[in-house]
Amino acid sequence: MTAADVEFTRLRPQRLEPLKALRAFRRLVRDKEDTAQVFEIMRALSGRSLRRGYDRMLRTMEGGRQAFLREELAEKLDDPAWLARFGPGTVGAAYREFREARGFTAEGLAMESRKVAPLADAPHPVIWYTRRVRDVHDVWHILTGYETDALGEACVVAFSYAQTGNLGFAFIGLGAAAEIRKENPAVPAFRAVLQAYRLGREARWLPALDYDALLERPLEEARRELRLRRPTVYDAVPAGVRLTLKLRA
């Protein structure tokens with residue numbers, strides 16, 4: 001596609017492609033480190049959710065301000081000097097410790113998204129909103145209390161479905177719960193995922209937040225203000241059990 005082609009390409013809603021999503025999910029189950037398949041699923045099932053999410057931002061003063069500023073969160077979240085400013089007990093400090101312990105970077109997720117979305121970095125407001133939702137994924141882990149084990153990831157995407165309306169999140173969450181149930185029927189995977197969805201519905205809408213200000217807030221205070229309740233079903237599963245889940249097909 002030439003530069004001229006890109007300039008005049010219309011941004012259309014993604015046609016729902018459930019078979020493509022199913023094939024990508026099967027590849028993901030075979031290799032859960034193949035994160036690009038997550039973005040393949042999201043693209044196949046995003047439909048009109050991205051445009052609706054961006055439009056929702058514009059209907060509030062803070063969301064509209066964030067859309068006007070159009071900051072790239074990945075750049076900040078990967079800046080060690082910026083992260084170092086957050087004091088103990090804050091959302092930012094918890095995020096810093098989370099990523100340092102796991103070696104995660106926001107740019108790592110961005111690189112995976114580019115494998116299936118050639119226009120992932122395009123200077124367009126709706127695509128910018130897509131990047132924003134992508135880049136706050138690990139911040140939402142911190143806010144919700146879900147870890148990065150298989151059950152925790154399934155719950156975070158179910159929470160994200162409630163927040164964004166993107167069917168890709170629902171597909172991944174339910175598919176992961178089904179695989180977990182096959183592997184260990186004693187784990188209440190479907191109940192945990194359903195609770196995560198309900199918690200996402202109860203919480204304030206997170207995509208439009210001022211994340212600079214949020215990361216400076218004490219974590220528990222931020223959770224209360226955002227109406228984020230503890231995920232009791234997930235918490236009741238012993239960490240040792242959660243860490244054994246491999247999402248084997």
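**Salt bridges and helix packing**

Arg-204 counts as partly exposed at 30% relative accessibility (buried means under 20% relative accessible area, exposed over 50%, partly exposed in between; 1.4 Å probe, protein chains only). The model is predicted: local features need pLDDT of at least 70 and side-chain atom pairs count only at pLDDT 80 or more, while totals for chains, interfaces and linings use all residues. Residues are numbered from 1 along each chain as its sequence is written, and side-chain values use heavy atoms, with hydrogens and water left out.

**Exercise 1.** Determine which parts of the chain the salt bridge of Glu-225 and Arg-204 links.

*Solution.*
1. The side chains of Glu-225 and Arg-204 form a salt bridge at 3.6 Å, N to O (a side-chain nitrogen of Lys or Arg within 4 Å of a carboxyl oxygen of Asp or Glu).
2. This pair links distant parts of the chain, 21 residues apart: Glu-225 lies in helix α16 (residues 219–225) and Arg-204 in the loop between α14 (189–202) and α15 (211–216). Helices are DSSP runs (H or I, at least four residues), numbered from the N terminus.
3. Salt bridges with shared partners join Arg-204, Arg-217, Glu-221 and Glu-225 into one network.

**Exercise 2.** State whether Asp-135 and Arg-134 are buried or exposed.

*Solution.*
1. A salt bridge joins the two side chains (2.8 Å, N to O).
2. Both Asp-135 and Arg-134 are buried.

**Exercise 3.** Classify the relative direction of α2 and α3.

*Solution.*
1. Helix α2 (residues 18–30) packs against helix α3 (residues 36–45) at about 165°, with the axes 8 Å apart. Axes are lines fitted to C-alpha atoms over the stretch in contact, and angles run from 0 to 180 degrees between N-to-C directions.
2. The helices are therefore roughly antiparallel (angles over 145 degrees).

Terms used
Helix = DSSP H or I, 4+ residues; strand = E, 2+ residues; numbered from the N terminus. Parallel < 35°, antiparallel > 145°, perpendicular 65-115°, else oblique.
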